[in-house]
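Please read the report below alongside the sequence and the coordinates.

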Amino acid sequence: MNSIKTFFSKHWMHFAVLVVFFVIARMYFAPQFDGYGLAQHDIKQFKGMSNEIVHFREDAGKEPLWTNSMFGGMPATQISVKYGGNIFKSITSSFMSWFPSPVGIFLLHLIGFYIFAMFMRLKPIIGLIGAIAFAFASYEIVILQAGHNSKAMAVAFLPAVLGAFIYAFQRNWKWGAVLSALLMGFELSQNHYQVTYYMAILLFGLGIYFAIDAFKKKTLKNFGFATGGVLVGYLIALFINYGSISMTNDYAKNTIRGANDLSISADGSEAKASEGLDKDYITNWSYGLDESFTIVSPYVKGSHNSKAIAESNFAKVVQDGDYTREEQSTILGRTLYWGEQQITSGPVYLGVLTVFLALLGMVFLKDRIKWVYLAVAVLALMLSWGKNFMGLTDFFIDNVPLYASFRTVTIILILLELIFPVIAVMVLQKLFEDRENLKGQGQKFLIISGAFLVFLIGLKLVGLDNVYASKGEIEATERALDEDLVAGQILDELRGMSPKDIQEFQQQRKINLDDPQQLNAFIDANVQGSIERTEKGTATIRQFRSDVFDSSTTRSILFAIFGIGIVALFFYTSLPSIAIAGGLAVLMLIDFVGVDTNYIGNLKKGSRENDPYVHWVPEAERAYPMAATPADNAILENELKENPELQSKLDAAAKKGKEKARDEEYERKYETRVADSYKFAALNANTNYRVMERPGTFGSSRASYYHKSIGGYHGAKLRNYQNLAEFHLYSMNNNVLDMLNVKYIVQQGQVSPNRTALGNAWLVSTVKSFPTANEEIRALGSKFTLKNTGEGEFLVNGGKQTEATIYGQENIQYVVDIIDPQTNRPDKDTVRVSLTNGLQVGQTVAFVIDVNGQTDLVPLQTLEEDTVRSFKSLVSLTLDEQFNPSTEVALLDSEAKKLSKKQFSKEGTVKMTKYAPNQIDYTADVNGKQLIVFSEMYYKDGWKAYVDGKEQEILKVNYALRGLEVDGGKHKIEFKFDIPKFHTAGTMATIGSILMFLLLAGMIFLDWRSKSAKGSNVVKE
């Protein structure tokens, strides 16, 4: 009892800090404790993509490792896989069950940095300040709001990993090595290796520093032990997390992060075939050079463009400002961001006080390790610029291992979020420990403070661009102010109207569009009105943005003044250091919370008390975010008509869902939503069709929540499927949709059954083989020959042609001579040459233009019968080949060699008898050898086929599907998916976890024995 009392007496400050952490979390995330869940976009998408996996896991009690819910089918590796035996995953899962996201992740940020502070033996109050600076850095709040939970979890463990690493080299290499293993195990278990990769850059830099320091101090032996111990510790962590790391690596090789078997793009241009992501894709999200000033002032480039100003805290600023109603409407409908990122949910704000303290640290700290932190921070900032600083980015992509495997270079800014608080707490510790000596350096403090304030005031007065618009917005505005362009757009709109619409238009406006004078007067008036509206709207939003910029810089100056004033108390007063630090912590909280509530706050969508939150939804909606639409129910009803025996299974599933809703104590109105989740899961488990939902096919997992979809939402799609989408699915190639068994097409909420979908499997008669993947994937579409039959220029992908072979995705244009209706002078116009799906192989049509400038495709007979020359032929178009998936199959020569022949009778039947994500069974009854095509994605690493219990090699056919050649007779065919290393990984994780426990227990025992021995020696003396 006394020992426990002594322990708490000695360490009560740590427990007090933990209590403060919980109080801060409770207050900031108050809605979560009132039954709400954070509305996270990516978590909603995750729910869609993982729904089949989750229900299979619940019903079968095991991991499927594959799902057919997205992109026609893909491994579950980067969606949802639970690896057995991993102690780190088990601990974090337990913690998150007690403190669900986002509170749990936020607490891990606070605790993670506090652990770093303990490694560094910092004062508890200083650890508290550093934890606030780290956890409240706006990027962390932004990624929580977006739903990047695995990224946020990985970031949360970085400070602790850093602390253990430093502890191993500077204090105790044995404990440092063991704890490095432990904490790196937690870090790797979050399965976000981009974060870990960036952390390795910092650790590498520090490792070089420690090596140089050891050489100078002649302590290389201790450095060697520390290095070896830490590396062994990391290897143990890797060993435990082998499953997720290895399977992620294997999966990546088959995705858009791996090599491309195509050397051409869909339009015929050259494609990248080497491994790694395309540079444009890697740098698609790049931080702007001037946007970097958000580090010290959050809104110098606005806030975010993921929501309109009307749905942000800035709406109140607009409504309370000196704006007319028209101006308010203009502002509220726009977004408050004028940087160069396509979309962003918020800035990277480190806190003006954090930056100021870090600046003090660079001056007052004597330890040269600060230069390593500075160098890595500068490097990280420059790498975050991506396409805006391509010299450095190109070097890293081309020369630094694995760098090209990661996209979204802005993520590297997490290093700044870690480094700045680290330097800040180091200097605060110095202020505590060496306060009396530092008081003599008050002048230096004043110089630094003055320079910092001058910098902020200069930022306010000089500004960044004084335009308050992105490059894209500026270009769009220039186009909107170009009289000729606007006039052309108006004229194009008039030309696109039907005769009936034109007649109504002329009657309503009492205008004759055939009269050039009236037409020109109408166009001129509308051009002027359009330009005036553009000018007024542009001026209004830019003025508001200017006001926001001024407000942001003023805010930073004020917080800097207050912060400098508090820190000055260390130098010029005798107030207790802990009180000064407490004041700094409070000021820092006020600063961060004022910014972060823009991204996770209590803002409501209206002024009434019962209005919904902007950032929060009832917990039932968070857990079950998708509501079934009339289209979903129409599909379900159609499936029931075809399979009435499904009714009992669906009813049982719906009942289970309702019971689940009651167990969770959800409001009654959510029972149907939960029941639907279970009901459609049962439908999916007993059927096997696919759905294409438009729009948003490849940008949403909504359809995947209820059906097997050919679309979805994921950053690492299979390379073959991405190629198939670019060549055929984006352009709605019906033959490819048929071979993918797209049974339903949902367009704008309306369901259209696809009567030509080929089902789960079918027999084919003709084999067409090709030497390269380029030819194989093109063979799934149509092949045309186009010839120039007019007097203008025929262009393919910008190049002049007389005759060209076309596959459908090329940019085909024709330059024709016209008379400008405004100037009545000869001019040229470029029209797009359209193709058609309605031709028979061998048929030729003409692409023509009529006297009104309208283009069309007409049969040659129509052209010949046009005696009045109302058409002018521009291009002749002949369909040479067209893929017919019901009778033929396309495959590589290397695959075709595995077949016994290239012509089959197609006599027999094949039928699916059982479906599960990881196993699909069929029966086949065929006459003689036959080739069967299955509408399932080909994936070599894991899928195996068994015919009558005997394994048979799966053929890759139609570029992305599976095929089997079977002998005549009746057969049972089984496709099974399994990854042997998944099971090996579980064993390894168990062994590694036991080893980790033994190491930790061993170190505790050795410490206890050492202390006991010391105590016993003291007694003897």
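Predicted model: local features only at pLDDT ≥ 70, side-chain atom pairs only at ≥ 80, totals over all residues.

Residues are numbered from 1 along each chain as its sequence is written, and side-chain values use heavy atoms, with hydrogens and water left out.

The chain holds 37 helices and 27 strands, these being DSSP runs numbered from the N terminus (helices H or I, at least four residues; strands E, at least two). Its radius of gyration is 33 Å, close to the 31 Å that the globule rule gives for 1021 residues, so the chain is as compact as a globular protein of that length; the radius is taken over C-alpha atoms, and the rule is 2.2 Å times the number of residues to the power 0.38. Along the principal axes, the C-alpha atoms fill a box of roughly 115 × 80 × 60 Å.

Of the 1021 residues, 53% are buried, where buried means under 20% relative accessible area, exposed over 50% and partly exposed in between, with a 1.4 Å probe and protein chains only. Among contacts (heavy atoms within 4.5 Å) between residues at least 6 apart in sequence, 74% join residues at least 24 apart.

The largest nonpolar core has 181 residues, and those with the most contacts inside it are Leu162, Tyr198, Leu202, Tyr373 and Val567. Such a core is a set of buried Ala, Val, Leu, Ile, Met, Phe, Trp, Tyr and Cys residues joined through side-chain atoms within 4.5 Å. Helix α19 (residues 414-433) gives the most to this core, with 15 residues. Leaving aside neighbours within four places in sequence, Val567 is in contact with Phe356, Leu357, Leu360, Leu431, Phe445 and Leu584. A second, separate core of 78 residues includes Met247, Tyr915, Trp943 and Leu964.

Most residues other than glycine have a negative phi, and most peptide bonds are trans.

| Cis peptide bond | Omega |
|---|---|
| Ser101 to Pro102 | about 5° |
| Arg694 to Pro695 | near 0° |

Pro102 is found in the loop between α3 (87-98) and α4 (103-119), and Pro695 in the loop between β5 (690-694) and α31 (702-706). Met732, in the loop between α32 (719-729) and α33 (734-739), has a positive phi near 60° and counts as buried at 16% relative accessibility. Asn797 has a positive phi near 50° and is partly exposed, with a relative accessible area of 38%.
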